[in-house]
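Please read the following account alongside the sequence and the coordinates.

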Amino acid sequence: MDGALMELGPYRVKEGGELVYNEGSWDEFTNLLFVDNPVGTGFSYVDTNSYLTELQEMADQFIIFLEKWFALFPEYEHDDLYFAGESYAGQHIPYIAQSIINRNKDKSADQHHWNLKGLLIGNGWISPLDHYQTYLPFAYAENIVAGGSEEAKKVEAQQVICMAD
C-alpha cells in the first residue's frame, strides 16, 4: 500500500482521507498492478496452515497468479513486464524472475512467452549474510556504538550467533 498510495501509484492520500492525483505516478507511462505477495500479506488472506515457507513455493504461486491474470486480461499478456519492490521483495523478485525465465524456456508447454524486461529492487533484502556484516561498521562510523566498548563486544558476540544461524 505504501507504493500504491504514497510513492508511485496514481493517487496520494491526503489528511482526512482525500485522494489526489499523484503527478509523479508511473501510470502516466505504463500499466501498474500491485500484488500482495506472498499470500497472507497485505490484504490477501490464507488459511493459517497455508503460509508459505519457501521462496520457490512463493514464485510458483506467483506464476499461477500471472497465468490466471493473463487469462482474465489477455490484452496485457504481450506487454513488457517489469517487477518492482523494496525491502524483503529483494528476496521475492529474483525468484519470480527466474521462474518466468524457466517458464519461457519450457518448449513443451503450449503457452505464450512473457516479455520479462527488468527488475527494480529498492533497498532490497537480497543477501542477509552480506547485509548483517555492514551493520557494525556503519554503527561504528556513525558513532551509534563505540568500537571496543563493552556494548560493542556484546553486539559483536550477537552478530557471530546471527551469522552462524
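Residues 24 or more positions apart make up 51% of the contacts in the protein with a separation of 6 or more, a contact being heavy atoms within 4.5 Å. The model is predicted, so local features need pLDDT of at least 70 and side-chain atom pairs count only at pLDDT 80 or more, while totals for chains, interfaces and linings use all residues. Residues are numbered from 1 along each chain as its sequence is written, and side-chain values use heavy atoms, with hydrogens and water left out.

The protein has five helices and four strands. These are DSSP runs numbered from the N terminus, with helices being H or I of at least four residues and strands being E of at least two. Along the sequence the pattern is α-β-β-α-β-α-β-α-α. The C-alpha trace spans about 60 × 50 × 35 Å along its principal axes. The radius of gyration is 20 Å, whereas a compact globule of 165 residues would have one near 15 Å; this radius is taken over C-alpha atoms, and the globule rule is 2.2 Å times the number of residues to the power 0.38. Of the 165 residues, 23% count as buried. Buried means under 20% relative accessible area, exposed means over 50%, and partly exposed is in between, all with a 1.4 Å probe and protein chains only.

Pro38 is placed in the loop between β2 (19-21) and α2. Both residues of this bond are contacted by His92, whose partners beyond four places in sequence are Asn37, Pro38, Leu55 and Met58. His92 belongs to helix α3 and is buried, with a relative accessible area of 11%.

Where is the largest pocket lined? At least two lining residues come from each of α1 (2-7), α2 (55-72), β3 (80-86), α3 (89-105) and β4 (115-122). β3 gives the most, with seven residues. The space in the largest pocket is about 1400 Å³, and of its 41 lining residues the closest to the centre are Leu33, Phe34, Val35, Ala84 and Gly85. On a 1 Å grid over the protein atoms alone, a cavity is a set of points where a 1.4 Å probe fits but cannot get out, and a pocket is an open set with protein on both sides within 12 Å along at least five of seven lines; lining residues have an atom within 4 Å of a point. Grid points are joined across faces, edges and corners, and the volume is the space filled by probe spheres set on the points. By class the lining has 25 nonpolar, ten polar and six charged residues, where Ala, Val, Leu, Ile, Met, Phe, Trp, Tyr, Cys and Pro count as nonpolar, Asp, Glu, Lys and Arg as charged, and the others, Gly among them, as polar.

Two loops hold non-glycine residues with positive phi. In the loop between β3 and α3, Ser87 has a phi of about 60° and is partly exposed, with a relative accessible area of 36%. Asn143 likewise has a positive phi of about 60°; Asn143 is in the loop between α4 and α5 (150-164) and counts as exposed at 67% relative accessibility.

The last two helices remain. Glu156, in helix α5, is partly exposed at 33% relative accessible area. Beyond four places in sequence, Glu156 is in contact with Leu136 and Tyr140. Pro128 lies in helix α4 (residues 128-141) and is partly exposed, with a relative accessible area of 26%. From Pro128 to Cys162 the distance is 10.0 Å, C-alpha to C-alpha, at 34 residues apart in sequence.
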